[in-house]
Amino acid sequence: MADQPKHPRGSSMAQGGSPARSRYLPSNILPNEPPKEPVTIGDMANMFGVTHRTLHFYEEKGLLSAGRVGLMRVYNQDDVGRMALINACREVGMPVAVIQELLDELDQAQSQAEAEAIFNDALTIRKRELTAALSTIRRQMQQIANLLSGDEEHAAAAKTDARDSIELSDLERRCIGLMAEGYAPMRIARALDLKNDELVELENTIIRKFDANNRFQAVAKAVLLGIVAS
């Protein structure tokens, strides 16, 4: 028997909705309990921690398609699944153009296994890109430290002092470790058994402790300081 769609496309919606596209999406990025249709733009934004403008941008790029219920902009489960994929990809820094290509490939998937393989290949490529970038950053940071300190011993001592000055709880260490592995917030919340708002607060605390501007900077600093493995 052929694989049954994990996330069937083209579900019904009053007065509009997105056309049927991918029959299959990676199962590990989808919500445990798909929301009831229709999903308002406000609910969609809150669900994924984005702004209305971001959703409009994704629509302009053809990644999402909103329907209408009266004057209200709404989405169906089809687009909730696509947004879950987009959000996961953006969390690991994939450019929009790459996400567009990924969705095009998923549109052609003939089974759930094929969809999973397509997504895993895209993640593997991104991981290699990030590993190369981190190696470059690490070398550059070490060179800067050497130039500022005058010798490698002082640079190593400064690195140790910086690492020791950042006190993390066990939960925070687990969280930054999962962030460094490229886990999307939805998956981190599941792994740590946290609610979405609890995870947001936890990540914000970690970002402040690393004196970073966002989660990606916090991860980069954690890797450079040896707090998490690259």
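## Buried helices, nonpolar cores and salt bridges

The buried residues of helix 10 are Arg215, Ala218, Val219, Ala220, Ala222, Val223 and Leu224, where buried denotes a relative accessible area under 20%, exposed one over 50%, and partly exposed the range in between (1.4 Å probe, protein chains only). The model is predicted: local features require pLDDT of at least 70 and side-chain atom pairs count only at pLDDT 80 or more, while totals for chains, interfaces and linings use all residues. Residues are numbered from 1 along each chain as its sequence is written, and side-chain values use heavy atoms, with hydrogens and water left out.

### Helix 10 and its ends

Helix 10 spans residues 215-224, and because seven of its 10 residues are buried, it is largely enclosed by the rest of the structure. Helices (H or I, at least four residues) and strands (E, at least two) are DSSP runs, numbered from the N terminus. At the start of helix 10, asparagine 214 places a side-chain oxygen within 3.1 Å of the backbone nitrogen of phenylalanine 216. Such a polar contact is a pair of N or O atoms within 3.5 Å; within protein, one must be able to donate a hydrogen and the other to accept it, and residues adjacent in sequence count only if both atoms are side-chain atoms. Just after helix 10, glycine 226 adopts a positive phi of about 80°.

### Nonpolar cores and a surface patch

A nonpolar core is a set of buried Ala, Val, Leu, Ile, Met, Phe, Trp, Tyr and Cys residues joined through side-chain atoms within 4.5 Å. The largest such core has 35 residues, and those with the most contacts inside it are Met44, Leu55, Met83, Leu85, Ile86, Leu102 and Leu106. At least two residues of this core are supplied by each of helix 1 (41-48), helix 2 (52-60), helix 3 (77-91), helix 4 (96-107) and helix 5 (112-149). Helix 3 provides the largest share, seven residues. Another core, of 22 residues, lies apart from it and includes Leu168, Leu178, Ile207 and Val223. In soluble globular proteins, nonpolar side chains tend to be buried together.

Methionine 83 is in contact (heavy atoms within 4.5 Å) with Met44, Phe48, Val50, Leu55, Tyr58 and Leu64, leaving aside its neighbours within four places in sequence.

Isoleucine 137 lies in helix 5 and, at 33% relative accessibility, counts as partly exposed.

### Salt bridges

The structure holds six salt bridges, each a side-chain nitrogen of Lys or Arg within 4 Å of a carboxyl oxygen of Asp or Glu. Three of these pairs are tabulated below.

| Glutamate 59 | Arginine 73 | 2.6 Å |

Glutamate 59 is buried, with a relative accessible area of 16%. Strand 3 (residues 72-75) also contains valine 74, which is buried at a relative accessible area of 0%. The C-alpha atoms of valine 74 and aspartate 43 are separated by 9.1 Å, although the two residues are 31 residues apart along the chain.

Glutamate 203 belongs to helix 9 and arginine 215 to helix 10, so this pair ties together parts that are 12 residues apart in sequence. Glutamate 203 is buried at 8% relative accessible area, and arginine 215 is buried at 10%. Salt bridges that share partners join Glu91, Glu203 and Arg215 into one network.

### The surroundings of glutamate 172

Glutamate 172 is placed in helix 7 (residues 170-180) and is buried, with a relative accessible area of 7%. A polar atom of the glutamate 172 side chain lies 2.8 Å from the backbone nitrogen of serine 169. Not counting residues up to four places away in sequence, glutamate 172 touches Glu167, Leu202, Thr205, Ile206 and Lys209.
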